[in-house]
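Here are my notes on this one, as numbered points. Have the viewer open while you read.

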Amino acid sequence: MNAFTTLTATALPFLKDDIDTDQIIPARFLTGTTKAGLGAKLFYDWRYDDQGQIKAESLFDSTRFQGSQILIAGHNFGCGSSREHAPWSLKDFGFRAIIAVSFADIFYNNALKNFLLPIALPEAVVQHLAQTIEQDPSQTITVNLAEQCVTLPNQEQHHFEINAFRKTCLLEGLDDIAFVLAHLPQIEAYEKALGKTAAL
Amino acid sequence: MSAPKTLYEKIWDAHVVHQTEGGPAIVYIDRHLIHEVTSPQAFSGLAARGIPVRRPDLTTATEDHSIPTTDRSKPIEDEAARTQLATLAENCRKHGITLFDVASNHQGIVHVIGPELGLTQPGMTMVCGDSHTSTHGAFGALAFGIGTSEVELVLASQCLLQAPSKTMEIRVEGTLPLGVTAKDVILYIISKIGVGGATGHVIEYTGSAIRSLSMEGRMTLCNMSIEAGARAGMVAPDEVTFAYLKDKPFAPQGEAFETACQRWRELKTDVGAKYDTQVILQAEDIEPMVTYGTHPGMAMKISAMVPKKDDFNTLQEQEELLAALDYMKLEPGHPIAGTPIDVVFIGSCTNSRMEDLRAAAEVLADKRVASHVRALVVPGSAEIKRQAEAEGLSQIFLDAGCEWREPGCSMCIAMNGDVVAPGQACASTSNRNFKGRQGKGSRTFLVSPAMAAAAAISGRLVDIRTWETHA
Ligand code: SF4
């Protein structure tokens, strides 16, 4: 099931600004026809050297942050190309939520549609959170979607915004297609009224 | 009398099928364009749900992103690309979708063939799984890029879930100075408002300088709206638009065309309608532009000096600048003109149309590309390729020492084997200068076609207005 209700997990701090989707998943890996396996290519140029070996300094492969389900990022995360491979690869890698200072529009929406929860928090909070986790990566963060609340390791609670419609979809695991197809009669009536039926 | 509306509001209102309470609207989509990269997972999603494509008649497919631009009679070497193309062909066959593949006369970059075939029409809602779908807004259509889940949604329902956008007017008044093209106008706009300047908005470009642009120029302009963060960009249709569309294969024909034109003439922002945001610029302030950094907002006049730290106020902007200049191997405070170039790419959905190729050919005629420069000219579509060959442009390119390729996205996204080598500098007519966009470690300088051609000859970035006198 895709539904997202609550999540308690460790996090990986990657406090960079303007991480574009080319960095999340470089275009040369877009030639697949399935979503599975994209996690291995996530942040490829940050993680792998020219020989295709994992770099020693790769945060994403360090044992310290193994099993993290929350990514912590900076400003304007996910800018650039609209490729949905970005949320897919993040999810396939194991992330279920991203806490950032801000998100690029298209990425934000793509993430929600793929049941990856983007959470925007104030800059000072995100910075402090990243430092705390950096010092002790075993600390967990709890996300409660129904309450729109994040509980940080120091028990500080922060409210986050999410569109009411998207929130319901996430909580119920309801995707857009099921939602829209439930309105098929209206769609057919619209087509009929405007002569947009298939008699072309 | 109903309240005055903007062009965007007119199109939006005409396409709302259902407004959910407190949520997005279900919006009807008139035309869906698909290509090999962002559609396979959508089709497999449909298959998993066991549902058909609802309106294959409103869906059109082409191959562009991952196809080689070299000899098409040879099999495709890259296995992943081959699988992707075969998957698209199979999906189109299975669902009865028209596919313009490399064997057809109409293959090309999705945003080039839509207008060229008359699939793009004023007042339509159009989507495609590619951010530069905003290109089609040049015809007064509401066109935007969508992700693969949305591709699946549109295939399944012919609708999209969308919240209305805010509206932004960008008015450019006056006469564009010599040497200034639509590409320079849009780079100038993005440098002014920033890469996030139009976030959440649909831009409508207005003013006498915009009206004076050809359809090709308007497409270049709308194409890069997304680089300012906009959802879409549009230009209200006028006689220039109608003249372009007349007799296009998928446009209404004969009397139906005249009736359509009457309807299309209504597609303009009413007097008294309000935009949420307004930007007013003077055409005379614009010069030929070039990017110096790692996003399209980092653009400057070709005659200016590379920005210095003190030109920016915030620490973040300063750090961003220094990181970008370091990557681009540029010196703050030095002229950007004169920067050595290794590769020139003339192509992409931004600048690969006849007008662009003519502008490049005019510069390259009877000249030679500098011996150390590799210059690629990639037409946007098979139709453009034929026309350029018939006009003798391809011969000019070949005589100058350029490579003349088959149509496709090519070095704009570098996923078909056409790549810029690490560290190399590329003067490119495409739309994105992100780190590694044209190949790992590639350094991209975005310019107009004429500026790219002049850079190819000089082997350096040059000012198109003065370069020959300085040569
Ligand atoms: S030319 Fe570039 S921007 Fe245009 S559709 Fe192809 S990859 Fe996208």
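1. Start with helix α6 (residues 182-193) of chain B: it lies across β9, β10 and β12 of chain B and runs at about 125 degrees to β9(B). Helices (H or I, at least four residues) and strands (E, at least two) are DSSP runs, numbered from the N terminus; axes are lines fitted to C-alpha atoms, for helices over the stretch in contact, with angles from 0 to 180 degrees between N-to-C directions.

2. Ground rules: this is a predicted model, where local features need pLDDT of at least 70 and side-chain atom pairs count only at 80 or more, while totals for chains, interfaces and linings use all residues. Residues are numbered from 1 along each chain as written, chains are lettered from A and ligands numbered from 1 in the order written, and side-chain values use heavy atoms, without hydrogens and water.

3. Those strands belong to an open, parallel sheet of chain B, in the order β11-β10-β9-β12. At its edges sit β11 (232-234) and β12 (277-282), and the twist averages 20 degrees from one strand to the next. Pairing takes at least two DSSP bridges; β9 (residues 166-173) and β12 of chain B have six.

4. Now the largest nonpolar core, with 111 residues: F77(A), L90(A) and L117(A) have the most contacts inside it. Its largest share, eight residues, comes from helix α15 (residues 449-458) of chain B. Core members are buried (under 20% relative accessible area, 1.4 Å probe, protein chains only) Ala, Val, Leu, Ile, Met, Phe, Trp, Tyr and Cys residues joined through side-chain atoms within 4.5 Å.

Methods: Buried means under 20% relative accessible area, exposed over 50%, partly exposed in between (1.4 Å probe, protein chains only). Contact means heavy atoms within 4.5 Å.
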